[in-house]
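Please look over the sequence and the 3D view below. This report then takes the model part by part.

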Amino acid sequence: MQKLIIGIAASLFSTIALAGDDTRVVLDDPLKTGIFSYHQKLILGDPARIRFDDRVVVKAPASAEDSLNVPVLVDATAIPNVKRIVMFVDYGPIPKILTFYPEKADAKLSFRFKIDQATPVRAAVETRDGAWHVGHTIIDAAGGGCTAPALAYASDDWEEELGKVHASIWPDRGRVRMVVDHPMDTGLAGDIPVFIIENLQLDDSSGTKLARIELHEPVNEDPAFTLYFAKGKLKDQIRIHGRDNNGNEIDAIARAPVTQ
Amino acid sequence: MRNISRRTAVAGLASTTAAMAFQPAAFAAAKKIYDLVPIKVADGIWMIEGATEYFTQDNGGAIVNCTLIETSAGLVVIDTGPSLRYGVALRNAIAQLSTLGVAAVINTHHHPDHFFGNQVFNQIPIYALEETRKLAETEGDAFSDNMYRLLGDWMRGTEVTPPNKAIASSSLSIGEREFLIYPLEGHTSSDLAILDKKTGTLIAGDLAFLDRAPTTPHANIAKWKESLQQLKAVDAAGIVPGHGIFDRAGNSLNQTTAYLEWLDQSLRTSVTEGLDMVEALESSIPEEFLAMGAMPQEFQRSVAHLYPDLEREILPLTNR
């Protein structure tokens, strides 16, 4: 079994090496991590127009206090017409964290992820004209976040919590905050297969799509997001729905706090 | 950071070769030596005062207060520091305090800066609450990984040595000196405070901090505040806080209570306003707390420790 894995890993590696050798746009990575061009090709699909851009702001603590819950805020609101934001790390067993489609939301998102080692975190922002803008921050970490079993399994009732959504909206401040209970198993912890939420979508009460997030394994256990909207765009409630890779449905209605 | 690791490498090389003579200055600067001085705080009681900082390559993790108490059987050592090397330095620094040597060790809780010097004392009783002993066993290795990462060569040779004797009674008598035992919690799930009956000195462990920001990786704020109330009722003549200078007026208990109240309130407000952790990290900190050692780093660490649970508590469930 181990040999097989090594074999697969080796063949995968050689594919990557070939793939990364020739990107259509050759960038001078300010962080010089040596791996960015691979991600440029394999995660972003080797775009014809791509550059590093200071208008993509990625904020996170300089050091990960809890490698299972590293908070990140990406803000690309200085760039008009954002189609999607792809978040990934340079170093980690599963580099891609999530893709955010802002739709009616601001091009800004807060989330948490599991970090496996010290690494740059990159935000690649695609605009509607197909151009990519890349920003980053660097996070130091003790590591191990991706290979530890979910904490949920320490309790017997995790299945009852599965898919529960803790959330509120603040229409006057254009803000949605949500925490969705889910183990988000990476498949890298012993004998536990991949078990993750794949898709979360926000709709307004008339069913119009407000925003969508595609999640991958590195998103933290019990994914937590803040989404940002222009004032007046959010009404009194929104629908949050999605599903995980085992077909479990998530469906919730978030409202403004009663005190407002 | 890079400079220091290179310096460490140079020192390592120098010590194993005759090259020492070629770089005497660099070698001296790279020597990692703890300078521990016992300060007398009461009759037969000394403390070794730690830096009010976070772990750094400069302080070698000597950020904790250790207490030495004289008894007719020898010294009682309360908390033993962050490393084997600290334990050795501690043993040497206190040798002059008693001809009888060390009779027993007590660990106030299972955090690495308080018990990683135990290795030096593994032939004598090392007391702690039973829960602390268990936690030191289960979490010790993970602490050790992180301490080696943060402190590097300072940690060389350090092996996790959990306490070997559980305290189950409400008092402890060592060499005719009587101690009252307070099994409390809040800083961790098992915090021991010890009152020396002879002098009324309270060794509070990390339930009390003074002019150094309290740490919260395993904290339960509500229980911590209850424990502080109990310690105030003790009305001690003097307090050795876990971190910070000797406290003759009870300031450490009041300051720690005030900080925990502000911290809890600040984080709850951030959750209630829908802020993400990264936004909560940018909260303004009152001047009185910003002036404490290890700030704003400890506040930032606390956001990481406490925010996820507060969100689950405060944000309403919304499933259809």
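## A helix and its cover

What covers the buried residues of H3(B)? The cover includes strand E2 (45-48), strand E3 (66-71) and strand E4 (74-78) of chain B. Helices (H or I, at least four residues) and strands (E, at least two) are DSSP runs, numbered from the N terminus. Helix H3 spans residues 84-93 of chain B, and its buried residues are Tyr86(B), Gly87(B), Ala89(B), Leu90(B) and Ala93(B). They cover an arc of only 165° around the axis, so they lie on the same side of H3(B). That arc is taken from the directions from the helix axis to the C-beta atoms. Buried means under 20% relative accessible area, exposed over 50%, and partly exposed in between (1.4 Å probe, protein chains only).

## How to read the model

This is a predicted model, where local features need pLDDT of at least 70 and side-chain atom pairs count only at pLDDT 80 or more, while totals for chains, interfaces and linings use all residues. Residues are numbered from 1 along each chain as its sequence is written, chains are lettered from A and ligands numbered from 1 in the order in which they are written, and side-chain values use heavy atoms, with hydrogens and water left out.

## Chain B and one of its loops

Chain B has 10 helices and 12 strands. Of its 320 residues, 57% count as buried.

Thr108(B) sits in the loop between strand E5 (102-106) and helix H4 (112-115) of chain B. Is Thr108(B) buried or exposed? Thr108(B) counts as buried, at 1% relative accessibility. Beyond its neighbours within four places in sequence, Thr108(B) is in contact (heavy atoms within 4.5 Å) with residues including Ile78(B), His114(B), Ser190(B) and Gly205(B). Pro183(B) is 75 residues away along the chain, yet the two C-alpha atoms are separated by 9.5 Å.

## Nonpolar cores

In soluble globular proteins, nonpolar side chains tend to be buried together. A nonpolar core is a set of buried Ala, Val, Leu, Ile, Met, Phe, Trp, Tyr and Cys residues joined through side-chain atoms within 4.5 Å. The largest one here has 51 residues. Among the members that touch the most others are Ile85(A), Met87(A) and Phe113(A). Not counting residues up to four places away in sequence, Met87(A) touches residues including Val58(A), Pro95(A), Phe111(A) and Ala123(A). A second, separate core of 41 residues includes Leu231(B), Leu260(B), Trp262(B) and Ile285(B).

## Rings and charges

Rings of Phe, Tyr and Trp (its six-membered ring) pair if their centres lie within 6.5 Å; planes under 30 degrees apart count as stacked, over 60 as edge-to-face and the rest as tilted. This gives 13 aromatic pairs over all chains. The rings of Tyr34(B) and Trp154(B) have centres 4.6 Å apart and planes at 50°, so this pair is tilted. Tyr34(B) lies in the loop between helix H2 (24-30) and strand E1 (39-42), and Trp154(B) in the loop between helix H5 (130-151) and strand E7 (165-167), so the pair ties together parts of chain B that are 120 residues apart in sequence. Tyr34(B) is buried at 8% relative accessible area, and Trp154(B) is buried at 5%.

Charges meet rings in chain A. The charged end of Lys108(A) sits over the ring of Tyr228(A), 4.4 Å from its centre. Arg212(A) lies over the face of Tyr101(A), at 4.5 Å from the ring centre. The rule asks for NZ of Lys or CZ of Arg within 6 Å of the ring centre and within 35 degrees of the ring normal.
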